[in-house]
Each structure stands twice: as structure tokens, then as C-alpha cells.
There are 2 protein chains.
Amino acid sequence: MTTTVIVGGVAGGMSTATRLRRRDEDMEIIVVEASGYVSFANCGLPYYVGGVIGERDELLLQTPESLKERFNLDVRVGTRAHDIDRAAKTIQLTGPEGTTTQAYDHLVLSPGASPVLPPIDGIERAYTLRTVEDVDVITAALDGVKKAVLIGGGFIGLELAENLTHRGVEVTVLEFSDQIMAPLDPEMAAYVHQHLEKNGVTVLTGADTVEIAEGSVTLRDGRVIDADMVVAAIGVRPASELASEAGLEVGERGGIVVDEFQRTADPAIFALGDAAEKRDAITGDTTLVPLAQTANRHGRLIADIITGRDVTSRLTLGTAIVGLFGLQAATVGWNEKRARAAGRDIRVVSLHPQDHAGYYPGASQIHLKFIIDAATDAILGAQAVGEAGADKRIDVIATAMRGGLTASDLADLELAYAPQFGSAKDPVNMAGFIADNLANGEKSFLHHELEQAVAEGWKLVDVRTPGEFNRATIPGAVNIPLDDIRDRFDEFEGEKVLAFCRVGQRGHTAVTLLENKGIEAANLNGGFLTWEAASSVNAV
Amino acid sequence: MTTTVIVGGVAGGMSTATRLRRRDEDMEIIVVEASGYVSFANCGLPYYVGGVIGERDELLLQTPESLKERFNLDVRVGTRAHDIDRAAKTIQLTGPEGTTTQAYDHLVLSPGASPVLPPIDGIERAYTLRTVEDVDVITAALDGVKKAVLIGGGFIGLELAENLTHRGVEVTVLEFSDQIMAPLDPEMAAYVHQHLEKNGVTVLTGADTVEIAEGSVTLRDGRVIDADMVVAAIGVRPASELASEAGLEVGERGGIVVDEFQRTADPAIFALGDAAEKRDAITGDTTLVPLAQTANRHGRLIADIITGRDVTSRLTLGTAIVGLFGLQAATVGWNEKRARAAGRDIRVVSLHPQDHAGYYPGASQIHLKFIIDAATDAILGAQAVGEAGADKRIDVIATAMRGGLTASDLADLELAYAPQFGSAKDPVNMAGFIADNLANGEKSFLHHELEQAVAEGWKLVDVRTPGEFNRATIPGAVNIPLDDIRDRFDEFEGEKVLAFCRVGQRGHTAVTLLENKGIEAANLNGGFLTWEAASSVNAV
């Protein structure tokens, strides 16, 4: 009989354990969890704080007892694993009943990650949210709290901002950088920012917190924000101490280094989940992706490998989503910032289609952005923000990326259409059409290239109706409505025309018309809406 | 200047026309539409009947005038195209102002399809729904209608059944075959059948209508059903007469034969949309797929080809969806019936996961079924029925199929997860896990193989709890709960065990446990729920 010890009993660890048992009824499987709970719904914790999930028991998917009964697992909660002796193949386990030396044939490290706590004066006053114990502490402390500050504008911080608002707490989010939701590009994050504000959350970007005191938080610029409660949700750091103390390699971002079999340099020791490095799907470089889906998948993989299957892990796209006051914001792969930082030659496609046919009631707008490799037409990444259907489109794009489809291939996807669910030309198809146009030479400027283009002599033409133009337009634009272009051709003679409309579609038609007539023309990517969103960020 | 004449001004025809204009400002583009309306929302017609779409204008996306202004198109409604002279490259157009002979350089045939009207006595009393004129006739006739009969249990018939119900009409659906929703397998169609009945629609399968009289419909078995209104929605037949009269080839299903450039044997004549044949993505064989998405896509393609691009059309998956009283039913590719008829060696995976994490409020069950090529693990098709998220999963699967991913590859898809939107192991991932298990030798029987298996000596074991077992089980099953198996091993000695639970998951764990202990074991695909759904169909 062989023994596998698994450190960490949530997503990755428990997936490893149950799959191991299904593959080997005779193996001794010991799961060690530092907290008091295993297999809990960590992604549900903010929603329990907000009362969206009413019963605490809903968070507890399994117990040591149920796992013993179903899978014959030896699950030890409240137990800390330490001091791996790789030569002897033993590990020390310290639990309620003392410390024991446990031998292993295979050791699986899935201890997760720890909240990052920046060196702010009084940081010890800040709560964090990572475990069931944390949620108990926060909910107990909430009584009487009127104002809360959340440090960190990432996924979990914002989920908590929503949920505290549901509890009647006035919430301020303090984000150090110049935008919330780092996985999104700024003009896409702007939609989330606006939506949070609309729902009563105060969001401060460029907010450098220097002190947390009783009842307030102070920023570097001197502003003082009242706060009965402060939660730090700045991010997580891989819990890789156990590995590094055992002499196993840890990458520069702190993740345990593993190969494509999720194996460390020690063939008996595997690592996965938030504690381990992943490999990025675009470049194969190491990255950190603290997502439950990946952890679960790698758990199954490790169990397969330990029990003799020849399988390897896939590269990671990092697909993620957050729901905030009914708004969905989802991403996959790289954003524009990252592609630019990597020096890639890219094309960008932004569009603002309806989530379903406009003639069917209840359609809402989805803001979509694609990052495309200019050399290969490969999809590098995408972002979607909207009240409905953003999840579906990002899932479709993630699948297309996994299948190696190009951006232009998206035009040919056959997606399920009835007017409640999409359009005969789905938003993803539309993106494919635009990508195909760009790949075939249609010119397009991005909102942040506009100023430069105008400086280089491009004439900025708003091709919307006079009514739209008069309500608001881009400074410096002249108005020549699309349907008037054929009659007002003389106004374009000798010009280079940068056309724009509300979302880009009329702009595209204008560009084709002008190009057909021998006038150099380009479209503004994403139209007025993308420009407006980007401007709103700068205005914050 | 060249001239393109396009016959048919809805999805495919109008996509051709607008794309042509974007590619060539100087071309003469004439669009001929027999009905009084172009570019109308044909998929919205049933919803206007039901009042879901309140304004008739919502259905009319463009007018001849708006298309003249925006795209300089010569759109002629109420105009019939006839008598193509291929040698002279002319076509006769008969409209309100008489008949003219129109020369063309390219002719594009997109006349759509006509409702199939079976040879039933009194069929002329039946309404059909295909055009704006049809919807006007039906809505005008609805006044005072208390009972309606819909002949045909396909997508459009059922959409109309829902919408007439919304109008307070008592609806009976008469379906000739033994199940509604032919693209679904029977046990999947059963969920739709039950849902319609639950919402007050009477659904009769095996209903052979022999006479439509004033106020009633008579079936072959003698039953008479009261009906103030009868609508025939049996299906459509390609409107290929214009092509066949011109000597162009028409396939055995009635579709105009085209090559991968959507071109007929006459290089100047193209065809697309419901009137033209498609090529099936699984085999490349000809098929008919009357879907708007395909028509739009092929319109863009034909415009590109006419204007000199070297592009070809893709094979067709036939992705489709219908929403009925809040239930979604979606399909892509082949169903089991079709795969069996084609003699394919297949694996089937049925599962019943929640659309999102069970611990987050509002989760509902999705019934999912996959048809997988046993030799290659290729996904041949899938079906999904549920109150939420069926559209998303079918879109993901359609994209995976387009990208050439195998069924097992679905395990590795990175789909956007937060508890409102999915699960850390998404339903599609779960299907991938099951497919991977089957590909690696786990045995599984389908519900329709159960009787045969039991006859061959498989012991049927219900591994659910005694409570579940006592409420309802499969006749002949014994109850040995999963968590008791380790203690009751002696009861399995020498047996071949066919295990089942509610959805298949506990059954799988039981099978792995037994197989690990050297006992031959198999799981019942889809568990009790699939068996129950299949039984409900047989009972109808």
C-alpha cells in the first residue's frame, strides 16, 4: 500500500484526493488542512457576508466525516504541515493532538495562497477574507458598521464591496493604481467603475493608503476616509513556504515551480492551485493564475499521474469573471496593456453590440474588446462587460482560443440563435467580421491614438446624425452624417479621413465608401462609446 | 459598371447586398423581394403574435428607402423574379408596375423557403407563418379565437404555441412522429414536452391529422380536436423553383446545389440561405439547415467572392436553440438517432448538472447530452435543455467542434467561473471528465440498453440513499447506497454490476470502487433522471 499526503483540502487538494481514491481503492490518502474546514466554497464567501447566501452550511460542501464515508479519506483539519524531509520522505503534521511524523510515497502541495498585506501603518486592523474562519470574524464584526473601506479594487475586493453594500454599509474602495480591475484595460474597467458608483460605492483610484487608524483611513494625499471596518483585498501571494523550506524551487512571483506533470524537481512531490506556478497559454512563460477551475483540473491530473496515466497539464488562459450589482465583467488571455508591454504587434477590436436581438425586449449592451496578434491573426485575449451574455461570449472566445481559431474564424462560428439569446450575427461573429476587415487592410485607430492621428493631419469626421453630434462628440470633429456622404463628396477631397460613429458600424460603412472613392480613410475603433469610456477614466 | 441582381431581401439576400456595396461603391445592386417587406425580423414573428414584441415596427429593421439612402440599393418589394435566361444573363421581374427584363452580371438566389403543406383535407384552412403578411393575417384572425391547433412540433410551431398561450388561447400541438423537437433525442425532447404541458399546452405525439374542418381537426384514430384556428408549422421546403426552371441542379431534398463558393453550376449564379443546400460538418454530405446565421454568413461570403476575394464557405454544424416558457432547448451537430442511423460507433454522455454553483441562489438543472465518435473521441453533437445556461453550453460546444477539440479536451476548457455564472467544474468540463473516463475504458450503458444488459445478467444496483430508492427507482433494482458498498462487498461477489444513481456521479464512484476491487461494473449513463425522462416519453 502506498501513501499520498495532500497538503490543503480545498479545490486542488480535494480534487486530487477524490480522484486518487477513484483510481486506487487501496491507497492511503491523508489530507491535511490548516483551517478548520475542507472543500468549502471559497468563491462564495463574499456572498455569505452579503446575505446572498443565507445559510453558512451552504458554504461547507463536505466534512471530514462525509469524505471518510464516501471516499475513505483521512482528512485532518486544523492541522499544519511542516518540515518536509525529502530524503526520508516524511512530513511533520501538527494538529489538535500534537505532532506526528508522517511518511509519504507521494506528497501533493495545495496549500493555496495568503492575502497580501502591504506595509501600511495599522494594517493589523484590516480584515482579510480567505477562509470560513475569516468570514465568521467579518460577519461577527459587521454589527453596527456603517462605513467600510476596502483596500484593493480587484475581483474579491469588489465582490465584497457589493456585498457590504447589500448589508447597508457605505463602502469606499481604495485602489492604488489608476484603475480598478487590473485584468481589464482602463476603458473597459471604466464601465465597472461607473456601475459601482451608480450603485452607491465610492471608488477612489490612485489612492495610496498610508495609515489605518481606529475609525478612519488616511491616504498619502492627506485625505481621511471614515471607516468602522477596513478590509484588505489587495491580492494573494502563493503559500510556498513549505516548499521553499524543503529546498524546492520557487519562482520570482513566489509560486512553486512545477513541470508539465505538476511535479516539482523532487519526483515524489507535486504542487498545484494558487501555490504553484502556471504556464501562460500565449507564451508558455510562467505566471500565477489563482483560479479554482485550474486547481480542480490539476488535481485530477496529479491523481492520474500518480496512478500511472501519461497525461500533462495544458497552458493557462486565465479566464475569469466577476458579477457586480448585476454587471458582468469577464476576461480571457491577455489585455492590451500586457500585449503592449510584451512588445507585440497587435490589432484591437472593440465593439458594443446588444446581447440579443434588439427587436426582442430586454436587450442590453455588451462592451467587447479583442486583442489580436497582427502577424498571425491569433486571438491573444478578450474582455467583455455587460448586464447579460458577457459570460457566454468570453466562454466562447476562451474555447476558440483553446481550439486555435483565429480572430477572423470567429465570423464563422455557428452560435445558437433565437432572438432571446443572441443575434443572427452574434457579437462574437461581428468581432470576427471586424477582425477579418482589419486583417484585410481596413485602417483603424484606437482611442489613445486619436490625438496623434489628428496631429498627423487626419480629419476627424463624426458620421452620426446631427442630433447625436449635437448631444456630445469628440472635440475637433466635424459632422457629416453617413447618409449624406455621397452628396457631400467634395468636402473630402484631398483629405485623410478618420471617421467615427457611436459604436463603429456606421464608421466602417463610411470608410468603405470613402476608400472605394479613392479617399484614404480610417475608422475609430469602438467609436464614440469607447472614446467616451476612456475619457471618463481619465476624468476620475 | 456591373449589375448584381439579388432575389430575396431578408437575411441572406440583404447581407449580400450591403456587403457588396461596402466592397464596391459603383456596382448596380438590385434586390427583388416577393413580399412587401425586406430585412424583417423573421425570427421575431411568433413573438409579435404573442405580444412579447409589442410594436409591429420593431419587426421591420430596414425599408427600401433606408437601404437606398444608406447603401444606394435598388430594392423592389412586391416583386416576383422569374424566367432566368442564363444565356442572355437576364431575369424577368414582375412588380406593381409590370414586367421588365433585367440584365445581370451576377445573380444571387436567396428566395428562402415555403411552408410545407401536407395533403390533409381542408389544409387550405390552415394559416402559416413565414412573412410579415402572414403575421398580419394571423393577428387579425386571432380575435375571438379560444382554441387553436398547431400542426407540427418543431421550433416555430412550438414558439407559436407559447405565444398563442400568452394571448389566452388554449393550444393543442399535433405532432405526427413519436416526439416533438426532432433535432433532440426522445429523452431530451421529453423535458420540453413536459414543460409545455406544465404551461397549459396540450401536446399530442403520433397525431396523424386527416381533416381540418370549420371549428375542429380530426385525427386518423378518430379523435376530434376543437379548433377556432389551425396553424400548419410542419417545416419548410426550399424555394428552388426559380433555379430548377432555369435548369440549375436541385438536390433530393429540394435545395439548390452549390459548391464551396456558394456558386451553382452556372458561374454567374449564386445561391444561399434556406433555398440552398449546405454541407454537413461531420461528413461533408449535403444537408438543409434553414438558419439565419448561416444565411447571413454566406451572404457576406458571396459578396466577397463576387468582388474578387478568394474565400470559401465552412461546413455547417446546424446550431439551433428555442426558448419556450422560460425553458431553453439547444442543439449542435448530430443527435444519437442520426449517429445510429449513420452506423457510427459512438459513445454517449448524459449529465444533469446545475447551471451554476449549487450554493449560490437560483441554480437550475441543465440536461446535457453528448454524442461522441468512439474511434476518434470527436464531438459529433450535443443537446442541452434547461432554464438557464443551455445557450452558453451549446455555444461553447459548437466552438469546440469548430476548433476540432475532442470530447475529452472539454475537461480542460477554461471557462469563466464565479458562482453566479457556472461552477469551478463547469457542466462542459464535467462532460469532458466523463468522456475521458469512457475513452479510458469505463463501462457505461444507455437507458435503452438497460433491459438488454439485465437480460445478459447484469445486476441492477441503485446506489442512492434508501430515501431516494423508496420514492422511485428502476424496476428490478436493488438498493445498496454508495457509502455502504465498502461494508457490503460480499453482496457483489461474482456479480456483474450495473450501478446507477440520480445523475451518474455516485454511480461513477461506485463503478470505480467495484472495478478497483476486481468486480466488473458499469454505470448507467445519465442515471435515474435520464431513464425517467425516457420512460415519460414512452408513456405519452
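Let's start inside chain A of this predicted model: between domain 2 and domain 4 of chain A, the rule finds zero salt bridges. There is one residue pair in polar contact between these two domains of chain A (both at pLDDT 80 or more). On the domain 2 side, the touching residues come as three nonpolar, one polar and two charged. Six residues of domain 2 of chain A meet seven residues of domain 4 of chain A, and the C-alpha centres of the two domains lie 39 Å apart.

Now for the interface of chain A and chain B. Here 82 residues of chain A are in contact with 82 residues of chain B. A:Arg22, A:Tyr359 and A:Glu414 supply 11% of the area that chain A buries against chain B, more than any other three residues.

Here is the buried area for both interfaces:

| Interface | Buried area | Share on carbon and sulfur atoms |
|---|---|---|
| Chain A and chain B | about 7600 Å² | 50% |
| Domain 2 of chain A and domain 4 of chain A | about 450 Å² | 66% |

Back between the chains, the rule finds 24 salt bridges across the interface of chain A and chain B.

Which parts of chain A touch chain B? Among the elements giving two or more residues are helix H1 (11-23), strand E20 (320-324) and helix H10 (390-402) of chain A. H10(A) gives the most, with nine residues. By class, this side of chain A has 33 nonpolar, 22 polar and 27 charged residues.

How values were computed: Residues are numbered from 1 along each chain as its sequence is written. Chains are lettered from A and ligands numbered from 1 in the order in which they are written. This is a predicted model: local features need pLDDT of at least 70, side-chain atom pairs count only at pLDDT 80 or more; totals for chains, interfaces and linings use all residues. Side-chain values use heavy atoms; hydrogens and water are left out. Contact means heavy atoms within 4.5 Å. Buried area is the accessible area (1.4 Å probe) that two parts lose on being put together, summed over both. A salt bridge is a side-chain nitrogen of Lys or Arg within 4 Å of a carboxyl oxygen of Asp or Glu. Helices (H or I, at least four residues) and strands (E, at least two) are DSSP runs, numbered from the N terminus. Ala, Val, Leu, Ile, Met, Phe, Trp, Tyr, Cys and Pro count as nonpolar, Asp, Glu, Lys and Arg as charged, and the others, Gly among them, as polar. Domain bounds come from an automatic or database domain assignment. A polar contact is a pair of N or O atoms within 3.5 Å; within protein, one must be able to donate a hydrogen and the other to accept it, and residues adjacent in sequence count only if both atoms are side-chain atoms.
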